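Subject: Structure handover

Hello,

Here is the structure I promised to pass on.

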Amino acid sequence: MMEHAEVASLLYRMEYLCNIPIHINIRTALNKYHEAVCGTQAMRKQISTMSKPQQQRGHIPDTQDLLLIITLKHLAATTRKLRVALWCAVQMTLPLPQPVGRQDDQVSKQATLRNEHTSAFKENSFRL
């Protein structure tokens, strides 16, 4: 639950820094992760509250064991989806990389490209 709170806080900070809302799929992944954590906690609590003689023998009913396995698989899947969603959120938050090199070099390259692009059409005239 503490990890969920930290992730939610991180998402809200990222949203504040970018001044744009976080995509709805990222929020959905966070909510599904929270539900999976709560389901896993409930299942573990249910197993731990079994009667003491059954626990001393090491006997857990097969249905309880199967339900715990299914719950843990669901938790693992939602954790993976949340990690991908958080990676996407970080990529949207980061600024775009600036081109390397001096600005006058970039301007001269763009001008050269424009001149080369238009020089191919100088001889041909397109009239309608």
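**The core**

The largest nonpolar core has 16 residues, and L11, I26, L30 and L82 touch the most other members. Helix 2 gives the most, with 6 residues. Please keep in mind that this is a predicted model.

As general background, nonpolar side chains tend to be buried together in soluble globular proteins.

**Overall layout**

The protein has 5 helices and 0 strands. Along the sequence, the pattern reads α-α-α-α-α. There are 128 residues in the protein, and 21% of them count as buried. Now take the contacts with a separation of 6 or more: residues 24 or more positions apart account for 65% of these.

Start with L30, which sits in helix 2. Is L30 buried or exposed? Its relative accessibility is 7%, so L30 counts as buried. The cut-off for buried is under 20%. Leaving out residues up to four places away in sequence, L30 touches H4, V7, A8, L11 and L82. Take A8 from that list. A8 and L30 are 22 residues apart along the chain, and their C-alpha atoms are separated by 7.5 Å.

Next, I26. Which residues is I26 in contact with, once its neighbours within four places in sequence are left aside? They are L11, A85, A89 and M92. L11 also turns up among the residues that L30 touches.

**How the helices pack**

*Helix 1 and helix 2.* Their axes cross at roughly 170 degrees and come within 11 Å. Helix 1 and helix 2 are therefore roughly antiparallel to each other; the threshold is an angle over 145 degrees. On the helix 1 side, the contact is made by E3, H4, V7, A8, L11, Y12 and E15. Helix 2 brings I26, R27, L30, Y33 and H34. By class, the residues of this contact divide into 7 nonpolar, 2 polar and 3 charged.

*Helix 2 and helix 4.* This pair packs at an angle of about 155 degrees, and the axes are 8 Å apart. Helix 2 and helix 4 are therefore roughly antiparallel to each other. Their crossing is left-handed. The contact of helix 2 with helix 4 has 16 nonpolar, 8 polar and 3 charged residues.

*Helix 1 and helix 4.* Here the axes come within 10 Å and cross at roughly 20 degrees. That makes helix 1 roughly parallel to helix 4; the limit for this is an angle under 35 degrees. The crossing of helix 1 and helix 4 is left-handed. Helix 1 makes the contact through V7, L11, M14 and C18. Helix 4 makes it through L82, L86, A89, V90, M92 and T93. The classes in the contact of helix 1 with helix 4 are 9 nonpolar, 1 polar and no charged residues.

**A buried glutamine**

One more residue to look at is Q64, in helix 4. Q64 has 15% relative accessibility, so Q64 counts as buried. With its neighbours within four places in sequence left aside, Q64 is in contact with M43, Q46 and I47.

**Where to start**

In the viewer, begin with L11, I26, L30 and L82, which touch the most other members of the core. Then turn to helix 2, which gives the most residues to this core.

Best wishes

Note on methods:
Residues numbered from 1 in each chain as written. Predicted model: local features only at pLDDT ≥ 70, side-chain atom pairs only at ≥ 80, totals over all residues. Heavy atoms only, no water. Core = buried A, V, L, I, M, F, W, Y, C linked by side-chain atoms within 4.5 Å. Buried < 20%, exposed > 50% of the residue type's maximum accessible area, 1.4 Å probe, protein only. Helix = DSSP H or I, 4+ residues; strand = E, 2+ residues; numbered from the N terminus. Contact = heavy atoms within 4.5 Å. Axes fitted to C-alpha atoms, helices over the stretch in contact; angles between N-to-C directions. Parallel < 35°, antiparallel > 145°, perpendicular 65-115°, else oblique. Left-handed = near helix turned anticlockwise from the far one by under 90°. Nonpolar A, V, L, I, M, F, W, Y, C, P; charged D, E, K, R; others polar.
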